[in-house]
Amino acid sequence: MPTAWFNALPRMPEPMQPPLHPGTREPIGPDDLAPLFPMALIEQEMSTALEIEIPGEVIDILRLWRPTPLVRAERLERALGTPARIYFKDESQSPAGSHKTNTSVAQAFYNKQSGAKRLTTETGAGQWGTALSFACAQFDLECKVYMVRTSFDSKPYRRVLMETWGAECVPSPVDDPSSPGSLGLAISDAVRDAVSREDSHYALGSVLNHVLLHQTIIGLEAKDQLAMAGEERPDVVIAPCGGGSNLGGVTLPFMEDAAVRLVAVEPTSCPTLTKGNFEYDFGDTAGMTPLMEMYTLGHDFMPPDIHAGGLRYHGDSPIISALVKAGRMEAVAYPQGKVFEAARQFATVEGRVPAPETAHGIRAAIDEALACKESGEEKVILFNYSGHGFLDLAAYDDFNHGHLLDA
Ligand SMILES: *Cc1c(COP(=O)(O)O)cnc(C)c1O
């Protein structure tokens with residue numbers, strides 16, 4: 001297992017613009033963030049160190065499931081008849097079933113160390129809420145999760161997981177039971193709660209620099225594992241993009257090798273990178289968070305109720321946004337019908353049932369492999385298997401019976 005995270009900030013093609021205070025619109029300093037985050041995470045958010053050491057206590061917990069396997073999808077290669085070699089990094093093996101525990105454990109550790117007793121957060125379909133609940137249980141922290149109301153009502157199983165790990169989970173927005181909710185609204189609820197209590201901090205599961213930093217353990221491990229498999233480098237690295245954390249995690253350790261293409265995959269119904277504007281915007285709907293320069297659909301964007309709940313955020317990580325803006329990273333969008341076709345093909349030949357978010361990356365990886373079939377190129381394709389789909393079977397049921405909207 002790697003012993004240090006890979007920091008993208010000092011390696012960006014162009015310097016990044018600072019976050020701005022939501023009131024004054026002046027660049028924010030560490031003190032502005034102190035009501036929300038412990039100082040260690042605020043330092044990581046702005047750090048220019050090339051690497052940051054992973055604390056031993058964090059490594060001890062990550063060892064429960066890390067290093068995760070790098071798998072060659074040989075059966076998929078054969079089914080497609082492609083000369084490409086397809087590898088995926090299996091982040092579904094974590095206790096919560098996705099990559100999100102890579103950062104939830106680190107964030108819980110630094111919060112515990114700072115003396116916080118309680119963490120608040122938001123969750124969409126529930127992946128981040130479960131990941132943080134698990135991490136808080138490891139460090140004996142209280143955890144309160146504001147869950148987007150449509151998911152709270154329609155997807156009870158992740159709430160049950162959160163409660164099993166000792167967290168409290170309530171529907172958001174709290175003050176409007178008639179609203180279906182959105183991630184932006186749930187962030188506002190969680191931030192409002194954290195700033196109102198002395199014993200509480202707030203934790204965000206994606207977007208921020210320190211979150212992507214913690215996720216780089218994915219790409220660092222994959223790099224070593226590809227070398228063990230006899231591959232010099234991947235030709236292309238692919239991942240789904242909601243806020244950008246699993247994408248950053250798998251791609252950033254390859255960012256300085258110009259021979260490696262980096263590809264973000266998003267839904268056409270929430271096309272932040274492919275159709276959004278690159279500008280300063282709030283992270284939440286109420287305009288309480290700092291403004292960040294990023295691709296955004298507008299902080300009041302209400303995403304349609306597609307199945308890939310983790311990909312329904314109006315903005316994107318400033319690091320990912322800057323890489324796309326600079327031309328270092330590509331972005332593609334797919335409608336969910338095409339995504340579920342790929343998910344079922346993958347499940348049929350490889351056996352594993354991916355999360356709908358994950359299936360976006362699989363769609364793009366299959367299309368890369370089919371292009372290699374046309375051109376005869378033996379490319380090495382790496383994609384991130386960000387999570388399993390065992391708690392998303394209702395979406396498969398809709399697809400299998402022709403009820404899924406191809407939006
Ligand atoms: C949350 C989630 C995503 C999207 O979030 P990112 O921060 O963009 O990684 C993708 N896949 C799975 C399985 C998720 O749970």
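Here is a short chat about some helices and the ligand shell in this predicted model.

Author: Two ground rules. Residues count from 1 along each chain as its sequence is written. The model is predicted, with local features needing pLDDT of at least 70 and side-chain atom pairs pLDDT 80 or more, while totals for chains, interfaces and linings use all residues.

Reader: Why are α5 and α6 called oblique to each other?

Author: Helix α5 (residues 101-114) and helix α6 (residues 127-139) pack at about 40°, their axes 8 Å apart. Axes are lines fitted to C-alpha atoms, for helices over the stretch in contact, and angles run from 0 to 180 degrees between N-to-C directions. Under 35 degrees counts as roughly parallel, over 145 as roughly antiparallel, 65 to 115 as roughly perpendicular, and the rest as oblique. So α5 and α6 are oblique.

Reader: Which residues in α5 and α6 meet?

Author: Among them, Val105, Ala108 and Phe109 in α5 and Leu132, Phe134 and Ala135 in α6. Contact here means C-beta atoms, placed from the backbone, within 7 Å. By class, this contact has 9 nonpolar, 4 polar and 1 charged residues. Ala, Val, Leu, Ile, Met, Phe, Trp, Tyr, Cys and Pro count as nonpolar, Asp, Glu, Lys and Arg as charged, and the others, Gly among them, as polar.

Reader: What makes α14 mostly covered?

Author: In helix α14 (residues 318-325), 7 of the 8 residues are buried. Buried means 20 or more other C-beta atoms within 10 Å of a residue's own; 12 or fewer is exposed, in between is partly exposed, and C-beta atoms are placed from the backbone. The buried ones include Ile319, Ile320 and Leu323. Just after α14, Gly327 takes a positive phi of about 85°.

Reader: How many residues surround the ligand, and which are the closest?

Author: There are 19, and the closest are Ser206, Gly242, Ser245, Gly310 and Gly387. Elements giving two or more residues to the shell are α12 (245-251) and α16 (356-375).

Reader: Which element gives the most to that shell?

Author: That's α12, with 3 residues. By class, the shell has 5 nonpolar, 12 polar and 2 charged residues.

Definitions and conventions: A residue is near a molecule or strand if its C-beta atom, placed from the backbone, lies within 6 Å of it. Helices (H or I, at least four residues) and strands (E, at least two) are DSSP runs, numbered from the N terminus. Two residues are in contact if their C-beta atoms, placed from the backbone, lie within 7 Å.
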